[in-house]
Structure formats: structure tokens, C-alpha cells
Amino acid sequence: MDHPSMCILSSCCKISDILTEGITIVEDINKWRDHIPSLEAIYLLSPTEKSVQALITDFCGTPTFTYKAAHIFFTDTCPEPLFSELGHSCLAKVVKMLKEIHFAFLPYEAQVFSLDVPHSTYNFYCPFRAGERAWQLKALAQKIAMLCATLQEYPPSATTKADTPSLGEGPEKTYSQLLIVDRAADPVSPLLHKLMLKAMAYDLLDIEQDTYRVTELLTFCESKSLITDKANIKDLSHILKKMMQYQKELNKYSTHLHLTDDCMKHFKGYVEKLCVVEQDLAMGSDAEDEKIKDAMKLIPVLLDAAVPPYDKIWVLLLYIFLRNGVSEENLAKPIQHANVQAYSSLIQNLEQLGGTVNNPGGSGTSSQLEQRKRRESTY
């Protein structure tokens, strides 16, 4: 396998699962490998120049090839020049299967998929990357079509209900719908701290490549009738340790307990009061339904040294959204209070999403906030 195909496979299963199916060893095609001419090899590769050349090299050696035969699976359509090169190489004599399986996406969960294009937002909205947009759109369109074909779903596409009034209606309403939504349609949501455990863990803790596995501890305890309405994390840990018949399950959830405890430490530290400010700015009013009229609500958070710079920037962006843009003077003061002058360009880049940053005569009410309130009253 190459790196892209390894990422795809790793998102679906563990290496141990593959080995139990009779696979002898799993290796990277771009690294040195032992010759095993007595065994046939299965190749799962992305159809790139580098991977195809490595594949051909495996069957160019003398006196024996690296493997006895090759079963090749490409994750995407193989370009004609590379396909022709394969056909004219020594590899053609030992290929027993060559198939394009069209699986160039990552399945994260049962109903969550990623197209694995981490820089797409930058390429779409950065003015210096305008030349990349057409190529990026074409690549994403191919990946989306590939995903739909794999799921055997062939939905009509739409951007909004306004663009397609019949969306979700008529005899075809039970069919799946492909909605393509511009990030600019809701730039507020990414600026808010999510308080679900998995979201908190990725947001607040140093988690890379899914180091922690989040499971449902509370569901387990409820199924065993181990908790009451007043139980907390410490109580759960104590109860599980006392019940020996649950030691196997306890080992499974021990990491989860530490993860939850770490999240709560961060939450009680500064995130709790930060969330209150975020929610008030996002809704345009506080818990008593008093409208947010000025930036004074932000000052305690902006002056708090415990709040990281990026969180302060999020708060400033929420305030700008609320006011539908502010004057340069009214923006300069909060930036100075927050001591994030070095990141001021990030705030100005909000305009690339269609937002208004500098607006001396700001209306004080974001059009997106008005749209959100209309939607809430409608649904």
C-alpha cells in the first residue's frame, strides 16, 4: 500500500483485522521490502506516478520478481498514460487482477465521511489561490460522485431550499438529497465551543491521530444500574473499582475516565465562562434576553491571560458578526485588550467569507443572526 490507501484502510479497520483474514504482512510500497517470490501480492494503491513506478519496479528484478504475482486495486481511476505504462512493463505478465474500486474517501463513522482534502477551504477562499479553485472543485466533485456510487446513492443535488423549492417534497421525497452548503452560510458555528464530550476532547486536549478512543461510559453504567441522578465521574470510577465482575469493562473505560476528567479541568478553568460569552454573542442577547449592545461583555475574557489567543480571536469574530461590522477604532481597542495584534490579519480575513469587518455605520444586527432567528421561529 501507499500512504493514501493506508489512510483509507486504517479508517475502516485495524491491521490486526487484516492479518486474521490470512494476509501475511502489510507493507508500504515506497519502503524497502524483502523479496518473497513464493507468494502473490495484493496491491491497494492510489493511481499516482510514484506508486505506479514503485509497483513496476517490484517486477523488474532479476533473476526473480519481488512477488510471484500481483492483484492490483486502484482507489481511483487510473490515468491513461499510467495504465499504458503498466501494460508495456514486465508487470503485465504476472497480473492476475487489476481493478479500480473508487474508494478515495475516508469513512470516519457509520454515517460520517471525509474527502481528505484539508486545504480545500484555504484554496476556495484565499484570493492568492484563485488559480486552484477550478481544479479543487473538479477533484471534490469526483470524490463526492465516488462516495455516492459506493453507497449506491444517486441523489439530485441542491444548494439551498430557496434555490430548489421542491426540495424534500413530492413523490421523490424519500430519496436521499445531496446538499452542497457554502461555509459562508454559517460562519458562526465553527467559532463556538461544543460541549459534547468528543468535540470537547478534540477541541481542548492534545489529541493527534485519534490517540484517545471515546466510548459511552454513562450508557454502560446505566445499563448496569450503577448510577443515580447525583453521580459524578469520581463516583463512577469508585463504583467500577469495587465491582470485580466489571474489571474487564473497567480496563476498557479507564482511558475514557481520564479523558473526561481532563476535559472537565479545562472546562472549569476558563472554558465555562468563555462559553457564556460565546452563546450571548451568537444569539445577540444574554440568558435574561437582554440585547448585547457594546463590547463591554468581552473585556473580562479578552483580558484573561488564561484564555488562549485563538479563543480570544473567536470571541472578537463573534462580536463582529453580531454588529455586522465595526469601525476600525472600535475594533482596535478590543484587539489591544486581548493582546492579539499579531493575529489581526486573521480577523480581516473574515471578509474572504463574505463577512463585514470594517463598517463605521454598523447596523448592530447581523443579517445572519436575523436569518437564524427566522429559521428558529419557522421550525
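## The main nonpolar core

The largest nonpolar core has 40 residues. A nonpolar core here is a set of buried Ala, Val, Leu, Ile, Met, Phe, Trp, Tyr and Cys residues joined through side-chain atoms within 4.5 Å. Buried means under 20% relative accessible area, exposed over 50%, and partly exposed in between (1.4 Å probe, protein chains only). Leu 281, Ile 320 and Ile 347 have the most contacts inside this core. In soluble globular proteins, nonpolar side chains tend to be buried together.

H10 gives the most, with 10 residues. Helices (H or I, at least four residues) and strands (E, at least two) are DSSP runs, numbered from the N terminus. Ile 347 touches Ile 313, Leu 316, Leu 317, Ile 320, Leu 331, Ile 335 and Val 357, leaving aside its neighbours within four places in sequence. Contact means heavy atoms within 4.5 Å. A second, separate core has 18 residues, including Ala 54, Ile 56, Ile 72 and Leu 82.

## Basis of the model

This is a predicted model: local features need pLDDT of at least 70, side-chain atom pairs count only at pLDDT 80 or more, and totals for chains, interfaces and linings use all residues. Residues are numbered from 1 along each chain as its sequence is written, and side-chain values use heavy atoms, with hydrogens and water left out.

## Overall make-up

The protein chain holds 15 helices and seven strands. Of its 379 residues, 34% are buried. Among contacts with a separation of 6 or more, 66% join residues 24 or more positions apart.

## Helix H13 and its surroundings

H13 buries Leu 331, Pro 334, Ile 335 and Ala 338. Seen down the helix axis, these residues fall within an arc of 100°, so they line one face of H13. The arc is that of the directions from the helix axis to the C-beta atoms. Their cover includes H11, H12 and helix H14 (344–348). Glu 329 and Gln 336 are exposed, on the face turned away from the buried side. Just after H13, Asn 339 takes a positive phi of about 60°.

Ala 306 sits in the loop between H11 and H12. Ala 306 is partly exposed, at 48% relative accessible area. Its C-alpha atom is 8.1 Å from that of Gly 269, 37 residues apart along the chain.

Helix H1 (residues 3–12) buries Ser 5, Ile 8 and Leu 9. Seen down the axis of H1, they fall within an arc of 95°, so they line one face of the helix. Helix H2 (15–19), strand E1 (41–45) and strand E4 (106–109) are among the elements covering them.

The axes of helix H3 (residues 49–57) and helix H4 (residues 80–87) come within 11 Å and cross at roughly 5°. H3 and H4 are therefore roughly parallel (an angle under 35 degrees). Axes are lines fitted to C-alpha atoms, for helices over the stretch in contact, and angles run from 0 to 180 degrees between N-to-C directions. Glu 49, Val 52, Gln 53, Leu 55 and Ile 56 in H3 meet Leu 82, Glu 85 and Leu 86 in H4.

## Cysteines

The structure holds zero disulfides (a disulfide is a pair of cysteine sulfur atoms within 2.5 Å). The sulfur of Cys 90 is 5.1 Å from its closest cysteine sulfur, in Cys 60, too far for a bond. Cys 90 is partly exposed, at 35% relative accessibility. Cys 148 is buried, at 14%.

Notes: Angles under 35 degrees count as roughly parallel, over 145 as roughly antiparallel, 65 to 115 as roughly perpendicular and the rest as oblique.
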